[in-house]
Amino acid sequence: MGISKVFKEKEAVMDEQVLSDAHAMLAQAYIKESYADSATTVLKKAIVYTKDHEKEARYRFILGQLYEKLNQPDSAFAAFQQVIDMKRKSPRIYVIQAHSRQAAQFDYKSGDTLVFMEKYRKLLKDRENRPYLDALNYQVAVFYDKQTINDKATVYYNKSLRAKPKDKYLSATDYKSIGEISFEEARYVAASKYYDSTMVYLDPRGREFKAVKKKRDNLADVIKYETIAQANDSILHVVSLSESGRVSYY
């Protein structure tokens, strides 16, 4: 007898929360086996039967993630919105994460940037969101970064860092992003320092650590030759000065 048939037969006699938990466990098994489509079906039933708001928020958030895996962005956005609409019935962390996942879908070419920023200004001002300023400021930084507004992106990456992220990977991403901006602007000494800070928060055995280290090591020669070039330029400048000009220079 299939497990779905068992659930159907027991629905009338089983406690609804027990039924919800059973569907959630089945969804977890499907997720583990990479059956995202089947997982969404049973997870939606877990949502219907649960009376626990924390579990409902968690299941709805996971449902959004599953839709992302299935390349169904509209359904994912709607699932995350349902978490947001739960407001205080949901643990705040799920609401913030739902906003973040929606932000990841934002179309920077055709999306309404004014609406996006108005939303995040409100989120940043909300006192209840103070424990999550690291994540919120990071999303605003990405918003500006994607549009190559480097000065504002850097400001918000730094604000995210000043909020002291509990997530080490977020700290690494903040530092790396500022490093990339510095690199693009040919500020190689600054870039190397930010890459150094990035590596502090990454697993030395991981692929990303090795990629950042390689980029940092490659910068060493660039910085060396740039320093030599600057020194030569200074010498040539001094040589070109008059005697009184040299006195003033030193």
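Good morning. From the N terminus on, the elements of the protein chain run α-α-α-α-α-α-α-α-α-α-α-α-α. That comes to 13 helices and 0 strands, where helices (H or I, at least four residues) and strands (E, at least two) are DSSP runs numbered from the N terminus.

The model is predicted, so local features need pLDDT of at least 70 and side-chain atom pairs count only at pLDDT 80 or more, while totals for chains, interfaces and linings use all residues. Residues are numbered from 1 along each chain as its sequence is written, and side-chain values use heavy atoms, with hydrogens and water left out.

I turn to the chain as a whole. Of its 250 residues, 35% are buried; buried means under 20% relative accessible area, exposed over 50% and partly exposed in between, with a 1.4 Å probe and protein chains only. Among contacts with a separation of 6 or more, 45% join residues 24 or more positions apart. Contact here means heavy atoms within 4.5 Å.

Next, the cores. A nonpolar core is a set of buried Ala, Val, Leu, Ile, Met, Phe, Trp, Tyr and Cys residues joined through side-chain atoms within 4.5 Å. The largest has 24 residues, of which L43, Y59, F61 and A98 touch the most other members. Two or more residues of this core come from each of α2 (16-32), α3 (36-49), α4 (53-69), α5 (73-85) and α6 (92-104). Beyond its neighbours within four places in sequence, F61 is in contact with F80, V83, Y94, Q97, A98 and R101. A second, separate core holds 19 residues, including M117, Y120, L123 and I181.

What does S100 touch, not counting residues up to four places away in sequence? Its partners are Y120 and Q139. S100 lies in helix α6 and is buried, with a relative accessible area of 14%.

Finally, a helix pair. The axes of α8 (residues 133-146) and α10 (residues 168-184) come within 11 Å and cross at roughly 25°. Axes are lines fitted to C-alpha atoms, for helices over the stretch in contact, and angles run from 0 to 180 degrees between N-to-C directions. The two helices are therefore roughly parallel to each other, the term for angles under 35 degrees. From α8, D134, A135, Y138 and D145 meet L170, T173, D174, S177 and I181 in α10. I181 is also one of the residues in the second core. Thank you.

Note on methods
Angles under 35 degrees count as roughly parallel, over 145 as roughly antiparallel, 65 to 115 as roughly perpendicular and the rest as oblique.
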